[in-house]
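Dear colleague,

Please find the structure below, handed over for your study. My notes on what was found in it follow directly after.

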Amino acid sequence: MLRPSIINLTSKRLPTQLATMSPKVLRARKGRAEPIETPVPEYFFEGGLRKVKPYRQTYLAHVKQRWVNRTVPDVFASEMPRRCTKNMIIEAMKRGDVLVNDTIVSPEYVLKGGESLRSINCHRHEPPVPDTLIRVLDQTADYVVFDKPHGITVHPNELNFFNTALEILRRDHKIPSYMHAINRLDAVTSGVVIFANVADPVVRERFQPPNVDPDAGSDALVQKEYVCRVVGEFPKDPIVVTEPILQIAGKVVIDPAGKPSETRFERKWYDASSNTSLVSCFLATGRQHQIRLHVAHLHHPIVNDRLYNPDYMADWTLKNPAVTANGETRFYPTEIPPESQPYMPYYITPETPCHKCIEEQEGANVPNPKYMKIWLRAIRYQGPDWKFEVDMPDWAVPTVLE
């Protein structure tokens, strides 16, 4: 996937009531273009959501080997089918909004190794996130540990840059740029997250000790405990699931060809009136969606998991017929045309006005914060000489039903 290596966003002068972030300057390569400043985002808050005003963004990427001997429209359309079409890039190249080596070239131009691709003036929206306090548990010059709320991604991705835990913490708690995630949680999951100075080998080994079994991905020196609430009466006795997990075609599935995965489950309680169980989960490995897949494999999916609980997904879809998101906030079906994608950056022209701007003016398709979470929480991360814990969630009480 094409990812920006230098980002440029331009914004208007900020109203006094909006939160701001000090711009950062990213160094350009020697002999290349001048340094480009990142933007000052315009945050605002309404309806229980933290929002960022739309902005313009520039992407810079250096030609990868698989792009060599291909045209620019072909590269964009194949690498980012949810953001653009070939015709969209052809027109952008004619306007000078897509450059090769900072020069306007023909859409038929064939890329060579060592060249750069710059796309400018991309109009970008970011999905809103719940306006929930990010509580810092501990902070030193080497690390920061916080309680990530539901609905917020840990670090920037293709949809969110400023509305992420990393960027919010950089603004609110001045955490340094050398901090990077030790562990990651899904956007819809809450709990303990650690950022640390991984460039320092001592700090890195403290929080990421060498794996006991690198091939299996296990790490007995770091204990990871989660809690989730699942459908039905979960088995009373502890149970270990070792189904392998495979990432394929943008999805995560249980498959014999997948990577070794192991989760131990212990039931805490079963509530007959709601037909739900609270379950402690202990990870021996850390695959994407591991707990969610393993409980679903046991036919006890997380109650409000739209990806792996088909009954909940069917009910949620009936209640939200206008929402175009496929499952979670960052997954959108490729078949939706780029000009209709909810949050993807693309070029605005008189022929393709921004439908998202129109939606926001009309107050349409506003997400509900209560649907931006699942009942899964990382409650404890513990190493040889450190331990971080958070409180149990409110839904750990049987009487809480939504």
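This is a predicted model: local features need pLDDT of at least 70, side-chain atom pairs count only at pLDDT 80 or more; totals for chains, interfaces and linings use all residues.

Leaving aside its neighbours within four places in sequence, with which residues is Cys-228 in contact? Contact here means heavy atoms within 4.5 Å. The partners of Cys-228 are Ser-277, Leu-278, Val-279, Cys-281, Ile-291, Val-295, Ile-302, Trp-375, Leu-376 and Trp-395.

Residues are numbered from 1 along each chain as its sequence is written, and side-chain values use heavy atoms, with hydrogens and water left out.

The chain as a whole

The chain contains seven helices and 21 strands. These are DSSP runs numbered from the N terminus: helices are H or I with at least four residues, and strands are E with at least two. Of the 402 residues, 50% count as buried. Buried means under 20% relative accessible area, exposed means over 50%, and partly exposed lies in between (1.4 Å probe, protein chains only). Among contacts with a separation of 6 or more, 64% are between residues 24 or more positions apart.

The nonpolar cores

A nonpolar core is a set of buried Ala, Val, Leu, Ile, Met, Phe, Trp, Tyr and Cys residues joined through side-chain atoms within 4.5 Å. In the largest one, which has 59 residues, the members that touch the most others are Ile-194, Phe-195, Phe-207, Tyr-226, Cys-228 and Phe-265. Strand 13 (residues 190-196) gives the most to this core, with five residues. A second, separate core of 18 residues includes Cys-84, Ile-89, Val-98 and Val-105.

Cysteines

The structure holds zero disulfides, a disulfide being a pair of cysteine sulfur atoms within 2.5 Å. For Cys-228, the nearest cysteine sulfur is that of Cys-281, 3.6 Å away. Cys-228 has a relative accessibility of 0% and therefore counts as buried. Cys-122 is buried as well, at 6% relative accessible area.

Why is helix 5 (residues 290-297) described as largely enclosed by the rest of the structure? The reason is that six of its eight residues are buried. These are Gln-290, Ile-291, Arg-292, Leu-293, His-294 and Val-295. Most residues other than glycine have a negative phi. His-289, however, has a positive phi of about 60 degrees; this residue lies in the loop between strand 19 and helix 5 and is buried, with a relative accessible area of 6%. Just after helix 5, His-299 takes a positive phi of about 65 degrees. Asn-275, in the loop between strand 18 (263-271) and strand 19 (276-283), also has a positive phi, near 55 degrees. Asn-275 is partly exposed, at 36% relative accessible area.

Three strands form an open antiparallel sheet in the order 4-5-9, where two strands pair if DSSP finds at least two bridges between them. Strand 4 (43-46) and strand 9 (129-130) are the edge strands, each pairing on one side only. Strand 5 (residues 49-52) pairs with strand 9 over two bridges, and Val-129 is the bridge partner of Arg-50.

Finally, Thr-164 sits in the loop between strand 11 (143-148) and helix 3 (165-172). Thr-164 is buried, with a relative accessible area of 0%.

Yours sincerely
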